[in-house]
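Reader: I'm new to reading structures. Could you take me through a single part of this one, slowly enough to follow?

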Amino acid sequence: MAVTTDRTATSTLERLTFDVAWLSCTAQADRGTATASGAASPSPEPPPSPSPPGRATVDCRGETRSGQDITVNGTVTEERSGRCVHGDLTARVEKKIVFRATMLGDCTTAPSSTSAPGGTPAVPGPPRPTVTVTVTETVTSVPAK
């Protein structure tokens, strides 16, 4: 969950025109802590791993190339194929909220695990509808001098 949150949060911040220098995330789940650390530049991606069932608390810290502090915090309830996280996440740059999201990344792919939460086999079904994420950007204007 930490790796996927790192990737999807970085992509979202960059789409909002923040030049991310680095972002490092930790996820505290039932099975322990996972960490991810990455730079803004693309790198070879490790193979995605199925997410553990349940929730994880995610805490990310980073910086823009201009030195502004970045934080991304919240809860992740599901990870899909290393491309998408569902939950409740808030990103801040210099302590100002720049987005809140319940989903980050490409969530149109099927879940990567072969089991549903609770260890029961996943049941194939019809494709899920595409979900739209609403991102709220907070912009603070500076008065002209």
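Author: Take strand β5, residues 84-93, in this predicted model. Of its 10 residues, 8 are buried, so the strand is largely enclosed by the rest of the structure. Buried here means under 20% relative accessible area.

Now look at what pairs with β5. One partner is strand β4, residues 69-80. The two strands run antiparallel, with 10 bridges between them. The hairpin of β4 and β5 has 3 residues between the strands. There, S81 has a positive phi near 50°.

Strand β6, residues 96-105, also pairs with β5. This pairing is antiparallel too, over 8 bridges. Find R92 again: it stands opposite I97 in β6.

Next, move to helix α1, residues 2-15, and pick out T8. Among the residues T8 touches are C84 and V85, along with R83, L104 and G105. T8 counts as buried because its relative accessibility is 6%. Other buried residues in α1 include T4, T5, T12 and L13.

The helix length can be checked. At 1.5 Å a residue, the 14 residues of α1 should span 20 Å. The end C-alpha atoms are 20 Å apart, so the two values agree. After α1 comes T17, with a positive phi near 75°.

Terms used
Residues numbered from 1 in each chain as written. Predicted model: local features only at pLDDT ≥ 70, side-chain atom pairs only at ≥ 80, totals over all residues. Heavy atoms only, no water. Helix = DSSP H or I, 4+ residues; strand = E, 2+ residues; numbered from the N terminus. Buried < 20%, exposed > 50% of the residue type's maximum accessible area, 1.4 Å probe, protein only. Contact = heavy atoms within 4.5 Å. Expected span 1.5 Å × (residues − 1). Pairing = 2+ DSSP bridges. Lists of a residue's contacts leave out its neighbours within four places in sequence.
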